[in-house]
Amino acid sequence: MPEDLAEIYRSTFPALVRFLYRKVWDVERAEDLAQEAFARAVVHKPESARGWLFVVAANMARDDARRAARERRHLTLLKSDPASAPAVDEAVHAETERSRVRTALEQLTPRDREVLLLWDAGLSYDEIATQTGLARGAVGTTLARARRRLVEAFAAGEQDEHIARG
Amino acid sequence: MSISHVDDGQLHAYLDGELPQAEQWRLEAHLGECPACRGRLEEQRALIARASELLALATPPARDAPPFRPAMAQPPPPVRWPARQPLAWAATVVLALAAGWYLRGESPSAPVRPDRRAAAANAAAPRETARTVPPSPRQTAETKTLAQQAPSAAQHDQMISGSAVPNPQITPLDQAARAKAAPPAPAPAPAAALAAPAAPLAARWETIPWDTARAILGVEPVRIPNLPAVAKRSSAADRVVLVEQQLASGTVVRLQERPAAEGAPGMEVGASERLARYVGNLRVEIEGALPADSLSKLLELVR
């Protein structure tokens, strides 16, 4: 089992980090959670480790987000905006795009978002069905809807910004 | 069986390569005769591409995956430290203390310098004057021949400082001879001169091979791990082994050990900067700046 897991780790870790990143939006946090998910897999030795990893990781990200929200509330009064360092245009642009995608993703229903991110992380329809409880035949439909909404929401976001800039 | 049209879910499953074989054939058959669905297929293909593109924008910066650590979930196994490990820990404390002392410029015992040999030579003159006893006629007579041994006498100084230069033929006479042989040094080296009162314990001891020390004790001599050690004894008849280890310039740890059956070696405590305690059969002596409570802690750990 540990050897299988090591192999899964090699093939899946980057995808798991990516998956988690789109939930917590912090690379280091995402990596920590991914590590933690693998650590739990080592202990629990789940049957289908890959799918299991994503489900556990998703749960951890949810808990993490809740905790982060709590902390944010507590820190609001203490918070001081760090002077934004002059960044390269390209980096600024990438950051803007990233936050637009994030906003768009947040407009999806939790289920649609989950299925989309799982597919993007490399899980098969079968794996997604097993992990989300969806019927296998519903995965394609869910994905179709999720993709459309993501693209539309992103476009709408761009539109809004153009209008806002005048 | 006629398929009216295919739904988006099927098209996505098809494009994702996830449509079961039978459904795939049916879908392809329909696409062959339905331009509208072919158009929709291309739309969905573009949509999928666009969605992937957007998701790719929300990709964290590429970083290498850290190495897989299968043990990362399990609590670290209880480490069974070797019995002497605490001593090694204490050694670092000693090291820090000694360094602190040294930086204050008040090193009570001879600091080890790169030009140790020169320091020894310089030290010889003031040491001679400090010794109020005039040289005996016999010593004066022997000066010439003994002077040739001066380099080896200087090496003896190195041994006192803790390095492993075996020189079993050292006699007090050699030291006197070196004093004679050394050119008069105008600048006295007080630190080196202080080494003389600290030295007598070690000076009487000759360096012996580690194997010999082991043979005398019947067991592996106790020592601080990962630190060079020199084994010494005072004479071939004596069964006390001195393990000398230099922690830092100015700090030397000496462990006096003798076969378990023979009880603790009784030796006098020397200069004030030297601290000595007994742990069972083991006499632990630290030369250099070290508060007594640190030694107590060290000894507690040894116990």
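**Figure 1. Left-handed crossing of α4(A) and α3(B) in the predicted model.** The crossing of helix α4 of chain A with helix α3 of chain B is left-handed, and the model shown here is a predicted one. On the chain A side, the contact is made by Glu97(A), Arg98(A), Val101(A) and Leu105(A). On the chain B side, Leu54(B), Leu55(B) and Leu57(B) take part. By residue class, the contact of α4(A) with α3(B) holds five nonpolar residues, two charged and no polar ones.

Figure 2. Asp64(A) lies in helix α3 of chain A, which covers residues 49–75. Its relative accessibility is 8%, and Asp64(A) therefore counts as buried, the cut-off being under 20%. A polar contact of 2.7 Å joins the side chain of Asp64(A) to the side chain of Arg29(A). With neighbours within four places in sequence left aside, Asp64(A) is in contact with Val24(A), Arg29(A) and Leu33(A).

**Figure 3. Helix α1 of chain B and what covers it.** Helix α1 of chain B runs over residues 8–15, and its buried residues are Gly9(B), Leu11(B), His12(B) and Ala13(B). The cover over these buried residues includes elements of both chains: α6 (125–132) and α7 (136–165) of chain A, and α2 (21–33) and α3 of chain B.

**Figure 4. The two ends of α1(B).** At the start of α1(B), a side-chain oxygen of Asp7(B) reaches to within 2.9 Å of the backbone nitrogen of Gly9(B). Gly9(B) is also one of the buried residues of α1(B). Gly17(B) follows α1(B) and has a positive phi, near 70 degrees.

**Figure 5. Helices of chain A.** Chain A has seven helices and zero strands, in the order α-α-α-α-α-α-α along the sequence. Of the 166 residues in chain A, 41% are buried. Among contacts in chain A with a separation of 6 or more, 64% are between residues 24 or more positions apart.

Technical notes. Residues numbered from 1 in each chain as written. Chains lettered and ligands numbered in written order. Predicted model: local features only at pLDDT ≥ 70, side-chain atom pairs only at ≥ 80, totals over all residues. Heavy atoms only, no water. Left-handed = near helix turned anticlockwise from the far one by under 90°. Helix = DSSP H or I, 4+ residues; strand = E, 2+ residues; numbered from the N terminus. Contact = heavy atoms within 4.5 Å. Nonpolar A, V, L, I, M, F, W, Y, C, P; charged D, E, K, R; others polar. Buried < 20%, exposed > 50% of the residue type's maximum accessible area, 1.4 Å probe, protein only. Polar contact = N/O pair within 3.5 Å; in protein donor to acceptor, adjacent residues only side chain to side chain.
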